Amino acid sequence: HSPRERHELFFGRTWSAIVAASWAELQRTVHGAELESLLIPVLEHVYGKGLVEATGGRGEKGADIMVTTVGPRGLRFRTAIQVKMHDGTTSDERIVAQLAQAHRERNAQAGVLLTTAEELSPSLEAKLEELAAELDIDIQAWTRDDIVHILLDYLMNRRAGPDTHSSSIPPLV
C-alpha cells in the first residue's frame, strides 16, 4: 500500500471504530424518550441560534421536538422533528400522519424523521416523499448514522471549548 492508501485505511478504520463505539454507548445508556432530551443540546448545536423545544408526550401534536429558526428581518421558520427508536429498517408509517399533524397543528414548515434505524423501508420513503409533495414542504429522514455524526460533531465542538466555537455550549466538566 502507498502511504496515502495506508492513511485512508487508518482514518477509515478509526472513524468506523468511533462511530461503532458511539452507537454502542447510545444503545446501552439511552432508552425511549431519553433520546429526545439528549438530542436537545445536540440540535441546538445543529440549528445554531434556533429555539429547540421538547414537545413530546401526551400533547405532542405530531412533533417530539420543535425548532424555530429566525431568518432575515425576523422571518420565523418552524421544523417539526419526530424521534423514533427503531432497529434495522423502519417501516413505521404512523410517522407520516404525525408529521402531517405537526404541519397542521404546530405550523411546521418542514419535517424531520430522526430515527435510530439504519434505514427506511422503500414504502416509508415513498410515503414521506408523497407527504412532502402534498404539503409542499421539505421532509428529511435522519437515520442512525446521521444521529451519530451530529452527536460526534457536537461532542468535538464541546471539547474545543467556548473560545473556539460560536455557540454558548459550556465545555465538558
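This report describes the helices, strands, salt bridges and nonpolar cores of one predicted protein model.

## Basis of the report

Because the model is predicted, local features need pLDDT of at least 70 and side-chain atom pairs count only at pLDDT 80 or more, while totals for chains, interfaces and linings use all residues. Residues are numbered from 1 along each chain as its sequence is written, and side-chain values use heavy atoms, with hydrogens and water left out.

Helices (H or I, at least four residues) and strands (E, at least two) are DSSP runs, numbered from the N terminus.

## Helix H2

Helix H2 covers residues 34-47. The expected span of a helix is 1.5 Å times one less than its number of residues. For the 14 residues of H2 this gives 20 Å, and the end C-alpha atoms are 20 Å apart, which agrees. The helix bends by about 35° at Ile40, and the proline Pro41 follows within four residues. Here the bend at a residue is the angle between axes fitted to the seven residues ending there and the seven starting there.

The buried residues of H2 are Leu35, Glu36, Leu39, Ile40, Val42, Leu43 and His45. Buried means under 20% relative accessible area, exposed means over 50%, and partly exposed lies in between (1.4 Å probe, protein chains only). After H2 comes Gly48, with a positive phi near 65°.

## Residues with positive phi

Most residues other than glycine have a negative phi. Lys61 belongs to the loop between strand E1 (51-54) and strand E2 (65-70), and its relative accessible area of 40% makes it partly exposed.

Asp136 also is not a glycine and has a positive phi of about 55°. This residue lies in the loop between helix H4 (122-135) and strand E7 (138-142). With a relative accessibility of 70%, Asp136 counts as exposed.

## Strand pairing

Two strands pair if DSSP finds at least two bridges between them. E1 and E2 are antiparallel and are joined by four bridges; Glu53 has Met66 in E2 as its bridge partner. E2 and E3 also run antiparallel, with six bridges between them, and Ile65 stands opposite Ile81 in E3. These two strands, E2 and E3, form a hairpin with five residues between them, and Arg73 in the turn has a positive phi of about 55°.

Thr79 lies in strand E3 (residues 76-84). Thr79 counts as buried at 6% relative accessibility. Apart from neighbours within four places in sequence, Thr79 is in contact (heavy atoms within 4.5 Å) with Tyr47, Ile65, Met66, Val67, Ala110, Gly111 and Val112.

## Salt bridges

The structure holds five salt bridges. A salt bridge is a side-chain nitrogen of Lys or Arg within 4 Å of a carboxyl oxygen of Asp or Glu. One of them joins Arg4 to Glu8, with the closest N and O atoms 3.1 Å apart. Both residues lie in helix H1 (residues 3-29), four residues apart, about one turn of the helix. An α-helix has 3.6 residues a turn, so residues three or four places apart point the same way. Arg4 is exposed at 62% relative accessibility, whereas Glu8 is partly exposed at 46%. Glu25 and Arg28 form another salt bridge, at 3.0 Å from N to O, and these two residues of H1 are three residues apart.

Glu118 forms a salt bridge with Arg144, the closest N and O atoms being 3.7 Å apart. This pair links distant parts of the chain, 26 residues apart: Glu118 is in the loop between strand E5 (110-115) and strand E6 (119-120), and Arg144 is in helix H5 (residues 144-160). Through shared partners, salt bridges join Glu118, Arg144 and Asp145 into one network.

## Nonpolar cores

A nonpolar core is a set of buried Ala, Val, Leu, Ile, Met, Phe, Trp, Tyr and Cys residues joined through side-chain atoms within 4.5 Å. The largest one has 23 residues, of which Leu39, Leu43, Ile65, Ile81 and Leu114 touch the most other members. At least two residues of this core come from each of H1, H2, E2, E3, E5 and H5, and H5 gives the most, with six.

Leu43 touches Val52, Ile65, Ile81, Leu114, Trp142 and Ile150, residues up to four places away in sequence not being counted. A second, separate core has 18 residues, among them Ala102, Leu113, Leu131 and Ile139.
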